[in-house]
Amino acid sequence: MQKMQNFKKSEFKCPCGCGLNFKDMSTEFVKKLDKARKFADTPFNITSSIRCLDHNEYVGGSKTSSHLKGLAVDLSCGSPPKRFKIIKGLILAGFNRIGVGEFFVHVDADKTKTQNVMWRYKNEI
């Protein structure tokens with residue numbers, strides 16, 4: 001994989017310490033995410049990327065979560081203008097599965113799931 005311009009490999013790891021990390025992420029997904037960050041012209045702070053089964057269960061993730069496949073990240077967004085920039089960058093980069101929360105944006109590239117969708121999260125913590 002070519003060098004990423006906007007991320008460090010250390011940003012892509014399961015927080016439980018199980019060992020899942022950047023090498024377990026989809027190369028195509030990470031390249032597209034790097035492109036989206038350039039389009040957005042605002043920092044992307046990854047709050048969740050690849051997850052093992054145990055950590056996914058711990059955080060209340062779906063049993064079919066795209067995080068388990070290395071095809072998803074959650075990005076922190078503390079304000080409506082930042083959320084807009086993130087979503088705009090993701091769409092311009094070609095992402096078509098976006099979940100919107102009050103404090104984060106989820107994006108995935110899971111082709112086994114419905115395409116061209118955007119949803120909102122309720123009752124987020």
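1. The crossing of α1 and α3 is right-handed. This is a predicted model, and the points below should be read as describing that prediction.

2. The two helices, α1 and α3, pack with their axes 7 Å apart and at an angle of about 130°. That angle makes α1 oblique to α3, because angles over 145 degrees would be needed for roughly antiparallel.

3. On the α1 side, the residues that meet α3 are L33, A36, F39 and A40. Their counterparts in α3 are K85, I86, G89, L90 and L92.

4. T42 lies in the loop between α1 and β1. Is T42 buried or exposed? Its relative accessibility is 9%, so T42 counts as buried, the cut-off being under 20%.

5. What is T42 in contact with, leaving aside its neighbours within four places in sequence? The contacts are R37, K82, K85 and I86. Of these, K85 and I86 also belong to the set in α3 that meets α1. The C-alpha atoms of T42 and R83 are separated by 9.9 Å, although the two residues are 41 residues apart along the chain.

6. Strand β2 covers residues 72-76, and four of its five residues are buried. Strand β1 (residues 46-48) is joined to β2 by two bridges, and the pair runs antiparallel. Within that pairing, I46 stands opposite L75.

7. β2 also pairs with strand β4 (residues 104-108), through five bridges and again antiparallel.

8. The largest nonpolar core has 27 residues. Those with the most contacts inside this core are F12, F29, L33, F44, V73, L90 and F95. At least two core residues each come from α1 (27-40), β2, α3 (80-92), β3 (97-100) and β4. The largest share, five residues, is supplied by α1.

9. L33 links several of the points above. L33 is among the residues of α1 that meet α3, and it is one of the residues with the most contacts inside the core. Not counting residues up to four places away in sequence, L33 touches F7, F12, F44, I46, V73, L90, F95 and V107.

How values were computed:
Residues are numbered from 1 along each chain as its sequence is written. This is a predicted model: local features need pLDDT of at least 70, side-chain atom pairs count only at pLDDT 80 or more; totals for chains, interfaces and linings use all residues. Side-chain values use heavy atoms; hydrogens and water are left out. Buried means under 20% relative accessible area, exposed over 50%, partly exposed in between (1.4 Å probe, protein chains only). Two strands pair if DSSP finds at least two bridges between them. A nonpolar core is a set of buried Ala, Val, Leu, Ile, Met, Phe, Trp, Tyr and Cys residues joined through side-chain atoms within 4.5 Å. Contact means heavy atoms within 4.5 Å. Axes are lines fitted to C-alpha atoms, for helices over the stretch in contact, and angles run from 0 to 180 degrees between N-to-C directions. Angles under 35 degrees count as roughly parallel, over 145 as roughly antiparallel, 65 to 115 as roughly perpendicular and the rest as oblique. A crossing is left-handed if the near helix is turned anticlockwise from the far one by less than a right angle, and right-handed if clockwise.
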